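Subject: Structure handover

Hello,

The structure is below, with notes on what was found in it after that. Please read the notes alongside the coordinates.

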Amino acid sequence: MKESILHYIWQQKLFFSQQLKTTEGEPVQVIDVGKLNTDGGPDFFNAKVKIGDTLWAGNIEIHTVSGDWYKHNHHLNRAYDSVVLHVVKTADAKIYRNDGEKIPQLELKYPPEIEKNYEALLQGKKWIPCSAKIADVPALFIHSWKNALLAERLVQKTDFIAHLLQENKQHWEEAFYISLARSFGFSTNSQAFEMLAKSLSVEILGKHKANLFQIEALLFGQSGLLPVASADSYCEQLKKEYAFLKAKYHLQPIDGSQWKLLRLRPDNFPHVRLAQFAAIVHSSSKLFSKIIEFPTLEYLTQLIQCEPSEYWKTHYLFAETSAEKTKKLGQASMFSLLINSIIPFIFSYADHKGNDALKEIALGLLEKIPAEQNAIVTGWRALGMEIANAYDSQAFLQLKKCYCDDKNCLRCRIGHKVLTKKV
Ligand code: SF4
């Protein structure tokens, strides 16, 4: 049996609270279970329990069996001198503090279904371990959990943004440009895109914002993707322009071997993505200020759906012509950029400024964007979950990745309902 389920039962007060008695027969009244401690030391701090006629304020230690107190050497550790009650499933030994004083023990009694349900979740091999029971959880309850999950996901993204800001001396434009570039890599080339953006400041690009060709020269040159051998005239001109700009700004390109093309559809080739990215940079040098100023779906989609330069209409790679086709970002890619980079940045900025109205706008944008189409969303839908938009799909992605995959059911609100359900 896992000790964590005992922590959970104690914390959620799921034990039978009537007629509690210590192993010595003294009545116990739990007034406050205390605060769960996730660091070293006793499991719960600042609890209040009445044992007999005495009110004790102190810490609680929980074990499956009493003997664990010795196995974990708590009897030699002064941090455990403040324990006022040892809570166990089975009391198989008397326990003492460092100074030899006996510590009262309580055998925890609780509804048997909690342990059974938890074991079933831990042993469950299904894609979602609670899938057989989730349909019984009230929709209203799932709805409120969904809001909390989405908030949690945005806070995680805010942490990543805070880190980027710290790396870039709180320069929002630079941090946003790096994050947007990273998202343009769409996981396969995100690392390479990030390295590229870090090798070429948004300030340098801003100086050339009026000239798309120069922006392309800077981005393609820094990417290391310009072919060494002679290709076509566009490519040769890019190389010449880049050589000039490289010397002017003392630039060092990244290693071109970082980019991956294998198993990518031509529309996702890094060359096409770079051309699209160049078109966006060309559209505005102060991208971040623009998205904060006009955070509407219409404006944002228009901002990132720029048409790359003429050459890319007939190319996916340098010097290989293809049938003419617009290389504007597709809808799915555009929504992915909004969900993973642009909206989290708006939310993070709003949080930083204490601007609740802007936070609401960011959340509202997610509600206007269609749900992502992926195996996780399909899986949840098959279990009857309503996923109407990106707000919902992001919440359910968070649930799957941060809870279900790690069997973190004790921290999950659905888990609370499933665990306490009578079998
Ligand atoms: S984490 Fe929650 S939703 Fe996922 S399996 Fe456990 S109880 Fe179910």
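Helix α5 passes helix α13 in a right-handed crossing, meaning that the near helix is turned clockwise from the far one by less than a right angle. This is a predicted model, in which local features need pLDDT of at least 70 and side-chain atom pairs count only at pLDDT 80 or more, while totals for chains, interfaces and linings use all residues. Residues are numbered from 1 along each chain as its sequence is written, and side-chain values use heavy atoms, with hydrogens and water left out.

α5 (residues 172-184) and α13 (residues 331-353) pack at about 160°, and their axes are 9 Å apart. Axes are lines fitted to C-alpha atoms over the stretch in contact, with angles from 0 to 180 degrees between N-to-C directions. The two helices are therefore roughly antiparallel (angles over 145 degrees). Helices are DSSP runs of H or I with at least four residues, numbered from the N terminus.

In contact (heavy atoms within 4.5 Å), the α5 residues include Trp-172, Phe-176 and Leu-180, and those of α13 include Leu-337, Phe-345 and Tyr-349. By class, this contact has 9 nonpolar, 6 polar and no charged residues (nonpolar: Ala, Val, Leu, Ile, Met, Phe, Trp, Tyr, Cys and Pro; charged: Asp, Glu, Lys and Arg; polar: the others, Gly among them).

α5 is also one of the helices against which the buried residues of α6 pack, along with α8 (212-223) and α10 (270-283). Buried here means under 20% relative accessible area with a 1.4 Å probe, protein chains only. Among the buried residues of α6 (residues 190-199) are Phe-193, Glu-194 and Leu-196.

Regards

Notes
Parallel < 35°, antiparallel > 145°, perpendicular 65-115°, else oblique. Buried < 20%, exposed > 50% of the residue type's maximum accessible area, 1.4 Å probe, protein only.
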